[in-house]
Amino acid sequence: MAETQDVVELILQDHRRMEDLFRQMRSVEADRAAALKEFADLLVAHALAEEDEVYPALKRYRNIDNEEVEHGEHEHDEGNQALLNLLEVEEVGSDEWDSKLEELVEAITHHTDEEERTILNGARENVPMKRREELGEAFLADRERHLKDEPGSIENVRRIVGSSD
């Protein structure tokens with residue numbers, strides 16, 4: 001269990017874990033397929049929990065830019081498409097796999113950087129700690145609920161991408 005309940009810190013912890021998994025997926029010594037599975041599950045569960053619990057609550061704060069929150073949701077769609085493109089490559093470590101991995105890294109890194117600078121900094125500055133902890137608890141519960149269902153399976157990611165078109 002995470003030491004903090006602050007939703008900002010919890011989201012940042014997930015972002016750092018995703019970066020660790022990117023390093024593993026790039027490493028020829030690592031179990032790249034296992035890293036991809038963990039990454040896919042975490043990415044989908046994380047994004048769904050943000051969209052279910054965090055983003056709607058943050059839109060209620062005057063000093064948090066609603067356009068940035070909506071842009072974050074759009075970037076989740078782009079990340080899911082990039083994830084699907086990688087999941088559909090048959091041979092882990094092939095040139096195509098490496099190419100699709102870099103596209104995924106670029107999409108997710110762009111999103112996490114932007115989200116951290118705009119949405120999360122806005123939340124840190126404008127949302128009282130008590131409320132951030134309530135949101136953190138809701139975020140964790142929703143993320144854990146999604147993780148139980150293997151949300152990063154290729155079938156589920158196809159369904160998510162298809163529903164966002």
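**Exercise 1.** Is E116 buried or exposed?

*Solution.* The structure is a predicted model, in which local features need pLDDT of at least 70, side-chain atom pairs count only at pLDDT 80 or more, and totals for chains, interfaces and linings use all residues. Residues are numbered from 1 along each chain as its sequence is written, and side-chain values use heavy atoms, with hydrogens and water left out.

Step 1. Recall the cut-offs: buried means under 20% relative accessible area, exposed means over 50%, and partly exposed lies in between (1.4 Å probe, protein chains only).
Step 2. The relative accessible area of E116 is 18%, so E116 is buried.

**Exercise 2.** Which residue forms a salt bridge with E116, and which helices hold the two partners?

*Solution.* Step 1. Side chains of opposite charge can pair when their charged atoms come close. A salt bridge is a side-chain nitrogen of Lys or Arg within 4 Å of a carboxyl oxygen of Asp or Glu.
Step 1. The partner of E116 is R16, with the closest N and O atoms 2.8 Å apart.
Step 2. Since R16 lies in helix α1 and E116 in helix α4 (residues 95-126), the pair ties together parts that are 100 residues apart in sequence. Helices here are DSSP runs (H or I, at least four residues), numbered from the N terminus.
Step 3. R16 has 34% relative accessibility and therefore counts as partly exposed.

**Exercise 3.** Describe two further salt bridges, those of R132 and K37.

*Solution.* Step 1. A search of the whole structure finds 20 salt bridges.
Step 1. One of them joins R132 to D6, the closest N and O atoms being 3.0 Å apart. R132 belongs to helix α5 and D6 to the segment before α1, so this pair ties together parts that are 126 residues apart in sequence. Both R132 and D6 are buried.
Step 2. K37 meets E150 in another salt bridge (3.8 Å, N to O). Because E150 lies in the loop between α5 and α6 (154-164) and K37 in helix α2, the pair ties together parts that are 113 residues apart in sequence.
Step 3. E150, at 45% relative accessibility, counts as partly exposed; K37, at 42%, is partly exposed.

**Exercise 4.** How are helices α1 and α5 oriented to each other, and which residues meet?

*Solution.* Step 1. Axes are lines fitted to C-alpha atoms, for helices over the stretch in contact, and angles run from 0 to 180 degrees between N-to-C directions.
Step 1. The axes of α1 (residues 7-26) and α5 (residues 129-147) come within 7 Å and cross at roughly 40°.
Step 2. Angles under 35 degrees count as roughly parallel, over 145 as roughly antiparallel, 65 to 115 as roughly perpendicular and the rest as oblique. The two helices, α1 and α5, are therefore oblique to each other.
Step 3. In contact (heavy atoms within 4.5 Å), V7, V8, L10, I11 and D14 of α1 meet R132, L135, G136, F139, L140 and R143 of α5.

**Exercise 5.** What is the geometry of the rings of F22 and F39?

*Solution.* Step 1. Rings of Phe, Tyr and Trp (its six-membered ring) pair if their centres lie within 6.5 Å; planes under 30 degrees apart count as stacked, over 60 as edge-to-face and the rest as tilted.
Step 1. The structure holds one aromatic pair. The ring centres of F22 and F39 are 4.8 Å apart and the planes stand at 35°, so the pair is tilted.
Step 2. F22 is buried, with a relative accessible area of 4%, and F39, at 0% relative accessibility, also counts as buried.
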